[in-house]
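The following note sets out some points on the architecture of this entry. Please read them alongside the coordinates.

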Amino acid sequence: MRLRDSLRRIRALVRKETRQILRDPSSILIAFILPILLLFLFGYGVSLDTKNVRVGLVVESPSPVTASLAGAFRGTPYFQVSEGRDRREFEDSLMRGHLRGIVVVPKMFTEDLAAGRRAAVQVLTDGTDPNTAKFVQAYTEGTVALWLAGQGSGAVQAPAGLTVEQRFWFNPELASRFFLVPGAIAIVLTLVGTLLTSLVVAREWERGTMEAMMATPVSALEIVIGKLVPYFILGLASVTLCLVLATLVFQVPFRGSFFALYLLAAVFLLPSLGLGLLISSLTKNQFLASQIALLSGFLPAFLLSGFLFQIGSMPVAIRFLTAVVPARHLVPSLSSVFLAGDIWPMYLEAIAILALMGAVLLTVSVRMTRKRID
Amino acid sequence: MDTPSPAVVTVRSLTKRFGPDGPPALDALDAEILPGEITGLVGPDGAGKTTLIRLMTGLMAPTEGHVEVFGNDTRTRAQAVQEAIGYMPQRFGLYEDLSVLENLTLYAELRGLPEQDRPEVFAELLRFTDLARFTARLAGRLSGGMKQKLGLACALLKKPRLLLLDEPGVGVDPISRRELWSMVENLTREGIAVVWSTAYLDEAEACSRVLLLNEGKLLFAGPPGQLTGRTRGRVFRVSGFQGRKRDVLAGLLEDPLVSDGVIQGEALRLVLRQESPPERLQGMVMVPAEPRFEDSFVDLLGGGPGGRSVLAENTREFPKDDPKPAIEARGLTRMFGDFTAAADITFSVPRGEIFGLLGPNGAGKSTTFKMLCGLLKPTRGEGRVAGFDLRRDGANARNRLGYMAQKFSLYGDLSVAQNLDFFAGVYGLDRASRRARTRMMTEIFDLGPYARQSARDLPLGLKQRLALACSVMHEPDVLFLDEPTSGVDPITRREFWTHINGLVERGVSVLVTTHFMDEAEYCDRISLIYRGRSIALGSPDDLKASARSDDLPDPTMEDAFIALIRKSGADGEPKGGTVS
């Protein structure tokens with residue numbers, strides 16, 4: 001009988017919370033609009049620089065051969081080429097950052113090539129942005145090598161140090177998107193679980209509804225469950241949205257199973273929700289709750305999960321620190337669900353760690369959410 | 001206990017502190033709440049009313065002592081306590097994004113009202129609160145009075161044996177307040193014990209018993225008449241004096257035989273320390289008056305603070321014969337979307353006069369106010385302050401006015417001295433006069449001991465003093481006071497009005513908003529604002545006279561307000577939301 005009363009109260013709380021979510025634009029914003037923005041940002045924004053990189057192409061002495069080479073530069077999707085006769089035309093643009101590099105085809109290029117001598121192409125890049133500089137260099141090499149191979153004349157030998165096909169196999173543009181989009185799901189789940197949950201609980205404190213509710217026979221545990229269930233479901237709905245966007249819009253492969261994806265997401269939501277509840281019961285203030293949620297949930301998930309930055313290349317102390325970031329345990333499994341297929345031993349380890357974290361955080365937050373206001 | 005007590009709540013040597021070294025919010029309290037009557041929990045803000053109610057709900061634990069509700073210790077058996085009580089917190093505890101019916105359903109589930117009983121109980125409560133027409137409306141879209149009734153309905157779903165209401169009457173229009181009162185009174189006939197906390201002392205008079213709290217201490221417990229009787233025979237309505245009423249009052253308050261006094265329309269209301277009048281009253285008309293709870297409260301605290309305003313004595317004299325009005329509102333109208341917050345507000349305030357805007361929260365007082373300080377652009381109409389058109393010369397107008405905003409609007413993180421210095425700087429005082437004025441304000445308002453304290457940590461009365469000090473730093477000739485004495489204890493209120501009266505005597509013009517009905521009588525003229533419109537304008541005596549009837553030979557300001565609302569035909573259902 002008491003259990004039935006308890007279940008009835010939980011049902012009433014869940015129904016109330018669901019109505020509020022549906023009516024509150026900010027919940028919809030965090031659970032659906034923000035994920036879409038994030039995915040587009042990581043799907044397109046982050047990889048945008050590696051496509052259509054603006055370079056200047058200087059052909060000092062035009063010939064049919066150099067015209068063909070210029071055509072190869074124009075044809076590649078990685079460069080957006082402006083052509084000229086003299087490198088000085090582009091130096092200013094390079095310094096202003098309008099161009100990422102200048103490719104110079106020297107006067108002697110045609111002759112050297114015809115004579116079977118080593119024909120060199122000079123690349124000038126903006127060293128202040130080493131990533132892009134390397135990128136321009138690598139792609140210039142690749143484009144020239146591909147063009148040489150296309151010339152088909154056995155007389156021409158590829159310049160030493162160029163490995164034609166490898167460059168295109170290891171395609172940083174595609175790899176980054178494939179890796180970032182699944183990783184963004186961990187961020188989205190952190191947003192829903194930690195940020196949104198801490199906000200809505202803090203709001204109840206601010207508006208005085210928590211006080212009115214606590215003065216009824218409802219128990220602290222029932223209040224917590226009434227909050228967890230709707231946001232748990234909302235989190236899984238966000239995952240579904242991300243899955244649809246990732247596979248349909250960003251063409252990310254999905255090689256694992258749905259069961260694995262949802263199981264991982266569900267277990268990951270436990271520590272996220274636990275942290276959100278803990279924050280709000282400690283602060284009872286929306287502004288503070290959102291700040292702490294961003295600092296303790298969102299930023300670690302962003303920076304320390306291996307999603308953007310390789311954990312292996314972090315200092316040892318930071319590497320140890322990442323162990324307590326739930327997202328760090330989810331990200332490798334998530335990328336394997338999408339890119340590699342199910343690897344259950346890895347999943348089970350992640351699930352065990354996340355479940356343990358969830359259990360600790362939820363227990364603490366239930367203890368903190370006592371029916372007390374002093 | 002030797003004899004079984006009928007009390008539903010027993011409070012035994014209860015002390016509550018926040019933080020180990022903090023001052024006690026409640027200090028060694030002993031009290032009882034009896035069934036079948038309304039117990040008033042009376043006192044200014046910060047007296048400990050909310051803390052005591054929360055302790056009764058079991059949501060707070062006592063630092064020392066015990067609270068027992070129906071024999072259950074709130075510390076150990078909170079669940080049993082919460083099964084038996086209905087509680088309406090200060091902001092009613094409603095979910096604003098849920099409809100009336102959804103709120104009722106939620107609380108019905110939480111309180112365990114059986115499903116088969118619901119239709120009947122809901123129907124009864126909706127009829128009782130007159131909300132049946134609005135079941136589908138979101139709670140956030142209800143007027144203040146309707147929210148309050150819905151909050152009450154939610155607390156009554158499973159008929160409680162103890163009903164705890166935390167300041168249910170604050171800021172609500174007088175009609176709703178009276179309706180709520182009669183609803184609650186009906187409940188007591190069924191044996192329910194009701195605790196009604198309030199800072200309005202006139203509400204205390206209507207309770208069966210009161211617990212009067214001040215600074216965490218229980219000053220009085222018993223029927224209100226017992227306390228009110230304390231000043232019986234010593235209260236007089238004084239008229240027929242020579243000179244200006246505020247000047248006369250200031251002089252009388254300095255007399256050691258006068259305990260307390262306020263302006264009441266064109267007359268004075270005095271409480272004497274003894275039954276025989278002092279000599280100064282010779283030649284004036286003295287009519288014995290019915291003592292009020294507030295008279296006795298002030299008397300219990302040792303009488304009012306005297307009539308001298310050092311602030312006014314140190315303020316320069318402004319010419320009172322200037323024919324141009326100090327403040328002028330012509331057809332001021334402000335819309336928010338399709339909601340009219342203030343419609344066609346027109347009045348003018350001559351120099352050296354106090355003009356009051358009286359009305360419930362959300363009526364449009366603050367909106368009118370903000371338009372006149374140039375903080376809000378009117379949709380239509382125009383306003384002038386000190387002769388300056390607010391649209392063209394807003395900056396000049398603002399230089400001439402002092403503004404004390406509703407609630408605390410100083411910098412809580414700055415110390416008292418830093419706040420004073422900052423405002424002196426903002427008003428463009430040069431270094432020498434800045435130093436002189438801040439030193440003077442510190443002395444006048446007795447802020448010296450608190451100079452280094454953060455403004456946030458001051459008690460409410462001191463905060464209000466500091467706010468007034470900051471607003472008169474530059475000797476403005478027009479003063480705007482938005483709810484200046486809301487929630488402060490009656491002594492601080494008296495002190496405040498002594499300053500305002502003194503400044504007015506110097507030729508300062510004052511615009512004040514209030515929802516205290518009796519405070520309206522301190523004004524020369526008032527405008528009653530209700531649902532965005534001015535429904536009446538006149539002197540307090542005239543307005544009261546207009547409500548006089550055979551049933552009500554001596555109407556109070558509240559009676560007058562209610563009669564005027566009814567007469568204006570504005571007591572139907574409000575349109576749109578509320579904006580204060």
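The model is a predicted one.

1. In chain A, helix H4 (residues 88–96) lies across strands S1, S2, S3 and S4. Its direction is at about 160 degrees to that of S1(A).

2. These four strands of chain A form an open sheet with mixed pairing, in the order S2-S1-S3-S4. Strand S2 (79–84) and strand S4 (122–125) of chain A each have a single partner strand, so they stand at the edges with one side left without a neighbour in the sheet. From one strand to the next, the twist averages 25 degrees.

3. Strand S1 (residues 53–59) and strand S3 (residues 101–105) of chain A run parallel and are joined by five bridges. Gly56(A) has Ile102(A) of S3(A) as its bridge partner.

4. According to the domain assignment, chain A comprises domain 1 (2–46 + 173–368) and domain 2 (51–170). A distance of 47 Å separates the C-alpha centres of domain 1 and domain 2 of chain A.

5. In chain B, helix H14 (residues 416–426) packs against helix H16 (residues 460–471) at an angle of about 25 degrees, and their axes are 9 Å apart. Angles under 35 degrees count as roughly parallel, so H14(B) is roughly parallel to H16(B). Their crossing is right-handed.

6. To this contact H14(B) contributes Val416(B), Asn419(B), Leu420(B) and Phe423(B), while H16(B) contributes Leu466(B), Ala469(B) and Cys470(B). By class, six of the residues are nonpolar, one is polar and none is charged.

Notes: Residues numbered from 1 in each chain as written. Chains lettered and ligands numbered in written order. Predicted model: local features only at pLDDT ≥ 70, side-chain atom pairs only at ≥ 80, totals over all residues. Pairing = 2+ DSSP bridges. Helix = DSSP H or I, 4+ residues; strand = E, 2+ residues; numbered from the N terminus. Axes fitted to C-alpha atoms, helices over the stretch in contact; angles between N-to-C directions. Contact = placed C-beta atoms within 7 Å. Domains from an automatic or database assignment. Parallel < 35°, antiparallel > 145°, perpendicular 65-115°, else oblique. Left-handed = near helix turned anticlockwise from the far one by under 90°. Nonpolar A, V, L, I, M, F, W, Y, C, P; charged D, E, K, R; others polar.
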